[in-house]
Amino acid sequence: MGGVTENEEFWKRVEARAKALGSDGCTAVSEWNQRCCWLHDTMLITGMDMDGNAVSREEADYLFWECNRLRAKSRLSYLSPRSWVRYVGVRIGARWYRRKKS
């Protein structure tokens, strides 16, 4: 499973792929988090990371949390409220989405 990086070329690929797939980049979030949302949407839509490896919903959600945590750039990033709130949001959203699809 591909991890999160600061490499600008990686993020340009993520943005292009997400937009081609019709990603909304997480509705109503700041640009601060846009990259994490594009990566998450891309993994959910394709079921793969940017390297073409299979990714489960849980793995995609974990990488979303990791991306938000790393962007917090704090020594206490594991405690970043923003990353935890967004992680819980995508986990709840996954349950809602599964119920809606059924």
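Student: Which residues does a disulfide join here?

Tutor: A disulfide joins Cys36 to Cys67, with an S to S distance of 2.1 Å. Before we go on, this is a predicted model, where local features need pLDDT of at least 70, side-chain atom pairs count only at pLDDT 80 or more, and totals for chains, interfaces and linings use all residues. Residues are numbered from 1 along each chain as its sequence is written, and side-chain values use heavy atoms, with hydrogens and water left out.

Student: What makes Cys36 and Cys67 a disulfide?

Tutor: The term takes a pair of cysteine sulfur atoms within 2.5 Å. The sulfurs of Cys36 and Cys67 are 2.1 Å apart, so the pair meets that cut-off. A search of the whole structure finds 1 disulfide.

Student: Why is the disulfide of Cys36 and Cys67 called left-handed?

Tutor: Look at the torsion about the S-S bond: it is about -80°, so the disulfide is left-handed.

Student: Which parts does the pair of Cys36 and Cys67 tie together?

Tutor: Cys36 sits in helix 2 (residues 31-46) and Cys67 in helix 3 (residues 57-72), so the pair links parts that are 31 residues apart in sequence. Helices here are DSSP runs of H or I with at least four residues, strands are runs of E with at least two, and both are numbered from the N terminus. The protein chain has 4 helices and 0 strands, and its elements run α-α-α-α from the N terminus on.

Student: How do you know whether Cys36 and Cys67 are buried or exposed?

Tutor: Buried means under 20% relative accessible area, exposed means over 50%, and partly exposed is in between (1.4 Å probe, protein chains only). Cys36 has 1% and Cys67 has 1%, so both are buried. Across the protein chain, buried residues make up 37% of the 102 residues.

Student: Now the rings. Why is the pair of Phe10 and Trp11 called edge-to-face?

Tutor: Rings of Phe, Tyr and Trp (its six-membered ring) pair if their centres lie within 6.5 Å; planes under 30 degrees apart count as stacked, over 60 as edge-to-face and the rest as tilted. By this rule the count comes to 2 aromatic pairs. Phe10 and Trp11 are 5.0 Å centre to centre with 80° between the planes, so the angle falls in the edge-to-face range. Phe10 is buried at 12%, and Trp11 is buried at 4%.

Student: And what makes Tyr62 and Trp65 tilted?

Tutor: Their ring centres are 5.6 Å apart and the planes sit at 45°, so the pair is tilted. Both residues lie in helix 3, 3 residues apart, about one turn of the helix. Tyr62 is partly exposed at 37% relative accessible area, while Trp65 counts as buried at 6%.

Student: What makes a nonpolar core, and which residues have the most contacts inside the largest one?

Tutor: The core is a set of buried Ala, Val, Leu, Ile, Met, Phe, Trp, Tyr and Cys residues joined through side-chain atoms within 4.5 Å. The largest has 18 residues, and those with the most contacts inside it are Val4, Phe10, Trp11, Val14, Leu39, Met43 and Phe64. Helix 1 (8-20), helix 2 and helix 3 are the elements that give two or more residues to this core, and helix 2 gives the most, with 5 residues.

Student: What does Trp11 touch?

Tutor: Contact means heavy atoms within 4.5 Å. Not counting residues up to four places away in sequence, Trp11 touches Val4, Thr5, Glu6, Arg35, Cys36, Leu39 and Cys67. That list includes both cysteines of the disulfide.

Student: Why does Val90 count as buried?

Tutor: Val90, found in helix 4 (residues 81-101), has 13% relative accessibility, so Val90 counts as buried. Leaving aside neighbours within four places in sequence, Val90 is in contact with His40, Arg57, Asp61 and Phe64. The C-alpha atoms of Val90 and Asp61 are separated by 6.7 Å, though the two residues are 29 residues apart along the chain.

Student: Last one: why is Thr46 called partly exposed?

Tutor: Thr46 comes out at 25% relative accessibility, so Thr46 counts as partly exposed. Thr46 lies in helix 2.
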